[in-house]
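Trainee: I would like a close look at one part of this model. Please walk me through it step by step.

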Amino acid sequence: MEAAAMPSCWGAVLGAAVSVPLLMLAAAPYVRRYVAGGRCRSAARLDGKVAVITGANTGIGKETARELARRGARVIVACRDVAKAEAAAREIRAETDNQEVIVKKLDLADTKSIREFANSFLAEEKELHILINNAGVMLCPYSKTADGFEMHLGVNHLGHFLLTFLLLERLKQSAPSRIVNVSSLAHHGGRIRFHDLNGEKSYNRGLAYCHSKLANVLFTRELARRLQGTKVTANSLHPGSVHSELVRHSFVMTWLWRIFSFFLKTPWEGAQTSVYCAVAEELESVTGQYFSDCQPAYVSPWGRDDETAKKLWNVSCELLGIQWD
């Protein structure tokens with residue numbers, strides 16, 4: 001009986017060894033389709049429109065810039081690394097045949113640079129229809145910006161907060177216009193720690209990123225409330241888990257991203273919700289919402305706290321030395 005069972009057992013093992021890889025191969029296209037997520041189906045043109053995209057020299061920012069340029073927009077690529085941005089802009093101009101892809105230096109870790117960018121933009125551009133606050137840092141070892149803010153807070157939240165403040169009047173003058181803030185699903189793990197915003201008492205690089213992404217959601221919520229009636233909308237989004245340079249500060253995450261790249265969105269796929277929020281006709285009057293895969297998504301209870309949103313707004317103004325009523 002045992003001898004007879006052995007061939008049967010080995011046959012089952014051999015069958016599994018052959019069938020499992022075949023099943024995985026057959027399922028691969030469906031898995032990729034699921035991972036890719038939603039796509040922006042809008043065919044809206046942007047001829048005559050002006051867009052500013054921060055961090056558009058790589059990753060989803062670059063793909064967002066490419067798509068807006070393809071639709072005819074004048075795209076301002078706002079980046080810290082000008083050489084890299086120029087290379088990206090040349091590539092986009094050549095591919096889209098749109099020569100209106102302009103590079104401007106912007107270092108979100110330095111409020112002086114943010115003000116210089118805004119002054120230059122306002123002197124040269126008479127309209128602004130789309131502002132995409134895309135740039136960000138993730139998993140940084142503890143460090144501070146030029147103005148003494150913890151890096152995640154300073155770049156991901158305060159830098160974009162100040163930039164939006166400085167460009168808002170031009171957005172209002174150009175209305176209908178849109179502000180798109182790239183947040184993350186990671187906002188669910190964030191809290192606004194008013195007693196230790198700069199992480200000087202305790203610091204965890206993963207949580208610092210989550211806190212800054214929650215700040216993006218709360219900023220969008222309060223901004224949308226304040227912009228009611230101006231025809232300027234503000235929405236935030238989760239781009240998905242994207243195979244990009246965002247994890248470059250973590251050796252472990254960099255290797256995990258490489259190993260599991262099949263299960264991550266490409267930068268083009270990750271850019272789809274940003275493009276959707278920027279161009280979709282059905283969102284013209286939609287504001288204060290959070291999107292993922294080109295559709296409304298669930299916001300954490302902390303991201304729906306209006307009192308925290310108002311307090312964060314006021315504290316942000318104090319830290320930046322501005323009055324924004």
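Which residue in β6 does S177 stand opposite?

Mentor: S177 stands opposite V232 in β6. Keep in mind that this is a predicted model. The two strands here are β5, residues 177-182, and β6, residues 232-238. They pair in the parallel sense, over 6 bridges. Now step back to the whole sheet. It is open and has 8 strands, in the order β3-β2-β1-β4-β5-β6-β7-β8. The pairing across it is mixed. Its edge strands are β3 and β8, and each of these pairs on one side only.

Next, look at what covers β5 and β6. Helix α5, residues 151-173, packs on the sheet. It touches β5 and β6, and also β1 and β4. Its direction makes about 175 degrees with that of β4.

Follow α5 to its aromatic residues. F161, F165, F219, W313 and W324 form one aromatic cluster. Take F161 and W313. Their rings are edge-to-face, 5.1 Å centre to centre, with 70 degrees between the planes. F161 lies in α5 and W313 in helix α10, so this pair ties together parts 152 residues apart in sequence. F161 has 1% relative accessibility, so it counts as buried. W313 is also at 1%, so it counts as buried too.

W313 has another partner, F219. These ring centres are 5.9 Å apart and the planes are at 40 degrees, so the pair is tilted. F219 lies in helix α6, residues 205-226, so its pair with W313 ties together parts 94 residues apart in sequence. At 4% relative accessibility, F219 counts as buried.

Key
Residues numbered from 1 in each chain as written. Predicted model: local features only at pLDDT ≥ 70, side-chain atom pairs only at ≥ 80, totals over all residues. Heavy atoms only, no water. Pairing = 2+ DSSP bridges. Helix = DSSP H or I, 4+ residues; strand = E, 2+ residues; numbered from the N terminus. Contact = heavy atoms within 4.5 Å. Axes fitted to C-alpha atoms, helices over the stretch in contact; angles between N-to-C directions. Phe/Tyr/Trp six-rings, centres within 6.5 Å; stacked < 30°, edge-to-face > 60°. Buried < 20%, exposed > 50% of the residue type's maximum accessible area, 1.4 Å probe, protein only.
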